[in-house]
Amino acid sequence: MAVGFLQRERIVARPGWSRWLIPPAALSIHLAIGQAYAWSVFKPPLEAGMDISGVASALPFTLGIIMLGLSAAVFGTKVDANGPRWAMFVASCCFVSGFLISAVGLFLDQYWLVVLGYGFVGGIGLGIGYISPVSTLIKWFPDRPGLSTGIAIMGFGGGALIASPLTQQLLGAYGATGENPSVPGIAQTFLTMGLIYAVFMSVGWLLIRVPADDWKPAGWDPSRVKSNAMISQNHVSAANAIKTPQFWLLWVVLTFNVTAGIGILERAAPIYRDFFPDATTPEALAAAAAGFVAILSLANAIGRILWSSTSDFLGRKNMYRIYLGVGALLYLALTLTTNANKVVFLVCAMVILSFYGAGFATVPAYLRDLFGTYQVGAIHGRLLTAWSTAGVLGPLIVNAIADAQIAAGVQGPGRYTTAFMIMIGLLVIAFVCNELIKPVNPRFHEPEGAAAAAEKKEAAA
């Protein structure tokens, strides 16, 4: 139960409050937890300084992504019940504690504390923080749900653009780079970043507000929304949502869309080196591969706001038709053209990654269309187990096949042809699942007025 200043009733917006202050509040959380995408910057100094393998150095990130999905699923209902300030505060505490525990572990030369801190404790912060502003944004922007959630979730995709240079500068300042990096210097980097994120994330939970029960945007007529059969005017609880075929069809859609994107993202630099090993020096090739990774990160972030905003006009189902159908065609183009044209390769990879990010940003609005706003945060949390699944499935497919091809002596793009064909198959399956999504059967709807009464009861508890 939330207490004191964390209670939902303490953050009901006064008349005249600008709803455009809510996306920055959400961004302060998502830009911070988006640091997870910059974990690879820590990998080289950790491997060299602590003499650990690449598999071991990936454990904190892998566990963090797993905990993201699990904690979002487990705590999703409590996030909706206690409100966004409680959720953002808890997320901040967990995420920052993950950095501080990791710092202590490094000072003590105990790597398991880094896994526990960043992966387990910080991963809980990732999950709660990721879903914390979703239902609030949708309630503030019933007229533009795709735009509002896209702005916030763009922050998660773009968090690495801030975290990567920040981490690199701090590691350099504390002597934690080069062939013999200082382990205490790595610890100081974790400590400093934890303190920075503590301040940055506090802006979010201090600024966040929820709308009054009778509030609606000026000039917005809810009756105009009713003409779209895919947008429900009723509500479905989180417990009932997972009993519907729509939830599980969308779970498959998200799983395979994420699998297709993260398969490239996780191995982006080696993929570029294998497709275009024509640089004059190893250093130039490494720089070009790093630039490719940065371009993909930017495409990931831009896609979250661009395509999710477009879904407000074209509809969520139509957008997923584009993500999945066009995505399959782009993978086919990569498979057929291989390294014949660098421009084609770059454009295809960038658009695939923009669809990857857009899938995350559009899905909260899709859930709102299908299940209403009552417990959309909790439903979103349960759906994010798809991310945990894809976070294992995508890299496993690409890396396992690439390793097998390398062992067989295969060179260049041929290392990835089989993996790309599998991605095409997964996207086609997801496309079919999206086509099967229909409006939710009324038997799953909450009784008239029950959802509003339940929300008031939870807020007063």
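Modeller: D51 sits in the loop between α2 (43-50) and α3 (54-82); the helices here are DSSP runs of H or I, at least four residues long, numbered from the N terminus. The phi of D51 is near 55°, a positive value in a residue other than glycine. D51 is exposed, because its relative accessible area is 69% (exposed means over 50%, buried under 20% and partly exposed in between, with a 1.4 Å probe and protein chains only).

A word on ground rules: this is a predicted model, with local features needing pLDDT of at least 70 and side-chain atom pairs counting only at pLDDT 80 or more, while totals for chains, interfaces and linings use all residues. Residues are numbered from 1 along each chain as its sequence is written, and side-chain values use heavy atoms, with hydrogens and water left out.

Another loop to check holds D109, between α4 and α5 (111-131). The phi of D109 is near 60°, again positive in a residue other than glycine, and D109 is exposed, with a relative accessible area of 51%.

L100, V104, F107, L108, L191 and L195 make a nonpolar patch of about 530 Å². Patch members have over 30% relative accessible area and no salt bridge, with nonpolar side chains (Val, Leu, Ile, Met, Phe, Trp, Tyr) joined within 5 Å and like charges within 9 Å. A salt bridge puts a side-chain nitrogen of Lys or Arg within 4 Å of a carboxyl oxygen of Asp or Glu, and accessible areas come from the Shrake-Rupley method with a 1.4 Å probe, counting only the protein chains shown as cover for residues. α4 (84-107) and α8 (183-207) each supply at least two residues of this patch, with α4 giving the most, three. F107 lies in α4 and counts as partly exposed, at 47% relative accessibility.

α1 has 12 residues and reaches 17 Å from first C-alpha to last, close to the expected 16 Å, where the expected span is 1.5 Å times one less than the number of residues. Because 10 of its 12 residues are buried, α1 is largely enclosed by the rest of the structure; among the buried ones are I22, P23, L27 and H30.

α14 (residues 342-371) has 30 residues and reaches 43 Å, close to the 44 Å expected. Of those 30 residues, 23 are buried, so α14 is largely enclosed too. N341 caps its N-terminal end, with a side-chain oxygen 2.9 Å from the backbone nitrogen of V343; a polar contact is a pair of N or O atoms within 3.5 Å, one able to donate a hydrogen and the other to accept it within protein, and residues adjacent in sequence count only if both atoms are side-chain atoms. Further along, α14 bends by about 35° at T362, with P364 following within four residues; the bend is the angle between axes fitted to the seven residues ending there and the seven starting there. Just after α14, G372 takes a positive phi of about 80°.

One last stop is S308, in helix α12 (residues 282-314). S308 is buried, at 0% relative accessible area, and a polar atom of its side chain lies 2.3 Å from the backbone oxygen of R304.
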